[in-house]
Amino acid sequence: MSETRRKLTTIFCADVQDYTRLMGADEEGTLATLKRCREAMGHLIESHGGRVVNTWGDGLIADFPSVVEAVRAAVDTQNELAGFNAGRPSDGRMLFRIGINLGDVIVEGDDIYGDGVNIAARLQTSAAPGGIVISSTVYDQVRNKVAVGFEFLGPLVVKNVEEGVPSYAVRIGGGSEEAAPAERPAARPQPVAAAAVDAARPVPGKRRLFAVLGVIAAVLIGINLLSWQGVFWARFPVLVLAVVAALIWNRGQTWFDRKAAAFAIVALGIIGINLFTWEGRFWAVWPMLGLAAAAGLRWSLRR
């Protein structure tokens with residue numbers, strides 16, 4: 001009992017919609033997808049200062065010292081998973097529901113217990129597939145601090161809690177005419193992709209954008225060649241377009257840590273400039289060192 005204590009924390013609870021159906025259709029594929037999604041979610045939780053407390057079956061519980069960072073982590077998670085699911089068939093998409101509550105919990109070792117956790121779990125079951133539901137205690141802290149919309153859902157009945165818990169659905173894309181989570185069909189993933197369009201564009205949209213950037217690059221090279229005066233000046237704008245395309249791709253990818261990948265892309269751009277203006281000196285080592293120092297400082301401040 002000496003290890004038992006209480007604390008006020010933000011509880012983040014997530015699970016997979018229709019997990020039993022997905023397992024029945026393809027056990028090994030579903031487990032591999034679940035592992036990949038959990039790894040991405042875990043990285044985002046840690047990057048926002050949170051801690052994964054426990055995982056079971058298809059569920060996950062995390063806690064955060066900051067309410068704002070908990071909601072940002074949830075939004076980033078749903079945005080990233082929306083990009084991941086955009087290229088999958090509709091009956092094979094893995095859609096998570098997330099509930100967030102700010103409450104007093106019992107801490108025993110690495111685990112947390114109590115009504116604060118139960119309320120977060122109840123909020124999670126009320127969320128739409130690919131959606132987020134928060135309690136009023138969370139809403140009061142984040143309503144003017146996170147660039148999302150909110151929809152009041154009314155009080156939710158929670159076991160062992162006498163009064164209903166006022167709750168809000170988070171509108172990730174700030175969309176207007178969406179149905180309340182309880183009214184949306186469970187097998188309809190389109191609202192998730194639409195809500196995430198601002199932060200993680202679906203694959204078709206990215207392809208169109210990459211095609212536009214490719215056409216611009218080709219036109220610049222063509223102009224350079226047709227007006228050739230001994231200088232290949234098009235290499236610089238083409239390099240800029242390549243860096244922009246890589247940064248856009250990085251926003252939706254789930255294979256690497258996005259912040260580390262962004263640093264690497266910028267570093268490669270600087271190296272490209274150095275090589276294109278080569279005068280016998282590798283000066284790019286200094287800005288690369290600065291980027292590495294900034295990344296290391298940011299990482300250390302997160303710990």
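## A nonpolar surface patch

Leu275, Phe276, Trp278, Phe282, Val285, Trp286 and Leu289 make a nonpolar surface patch of about 750 Å². The elements that give two or more residues to this patch are H9 and helix H10 (285–302), and H10 gives the most, with 3 residues. Patches consist of residues with over 30% relative accessible area and no salt bridge, like charges being joined within 9 Å and nonpolar side chains (Val, Leu, Ile, Met, Phe, Trp, Tyr) within 5 Å. Buried means under 20% relative accessible area, exposed over 50%, and partly exposed in between (1.4 Å probe, protein chains only).

This is a predicted model, in which local features need pLDDT of at least 70 and side-chain atom pairs count only at pLDDT 80 or more, while totals for chains, interfaces and linings use all residues. Residues are numbered from 1 along each chain as its sequence is written, and side-chain values use heavy atoms, with hydrogens and water left out.

## The chain as a whole

The protein chain has 10 helices and 8 strands. Helices (H or I, at least four residues) and strands (E, at least two) are DSSP runs, numbered from the N terminus. Of the 303 residues of the protein chain, 42% count as buried.

The accessible surface of the protein chain comes to about 16,300 Å², and 60% of this belongs to carbon and sulfur atoms. Accessible areas come from the Shrake-Rupley method with a 1.4 Å probe; for residues, only the protein chains shown count as cover. Among contacts between residues at least 6 apart in sequence, 66% join residues at least 24 apart, a contact meaning heavy atoms within 4.5 Å.

## Helix H9

Helix H9 (residues 258–276) has 19 residues. From its first C-alpha to its last, H9 reaches 27 Å, close to the 27 Å expected at 1.5 Å a residue; the expected span is 1.5 Å times one less than the number of residues. In H9, Ala261, Ile265, Ala267, Gly269, Ile270, Gly272 and Asn274 are buried.

## Salt bridges between strands

A salt bridge is a side-chain nitrogen of Lys or Arg within 4 Å of a carboxyl oxygen of Asp or Glu, and by this rule the count comes to 7 salt bridges. In one of them, Arg97 pairs with Asp15, the closest N and O atoms being 3.1 Å apart. This pair links distant parts of the chain, 82 residues apart: Arg97 is in strand S4 (residues 96–108) and Asp15 in strand S1 (residues 4–16). Arg97 counts as buried at 14% relative accessibility, and Asp15 counts as buried at 13%.

Glu151 and Arg171 also meet in a salt bridge (3.3 Å, N to O). Glu151 lies in strand S7 (residues 149–156) and Arg171 in strand S8 (residues 165–171), so the pair ties together parts that are 20 residues apart in sequence. Glu151 counts as buried at 16% relative accessibility, and Arg171 is buried with a relative accessible area of 17%.

The side chains of Arg72 and Glu69 form a salt bridge, at 3.1 Å from N to O. These residues are 3 apart in helix H3 (residues 67–86) and are therefore separated by about one helical turn. An α-helix has 3.6 residues a turn, so residues three or four places apart point the same way. Arg72 counts as partly exposed at 35% relative accessibility, whereas Glu69 counts as buried at 16%.
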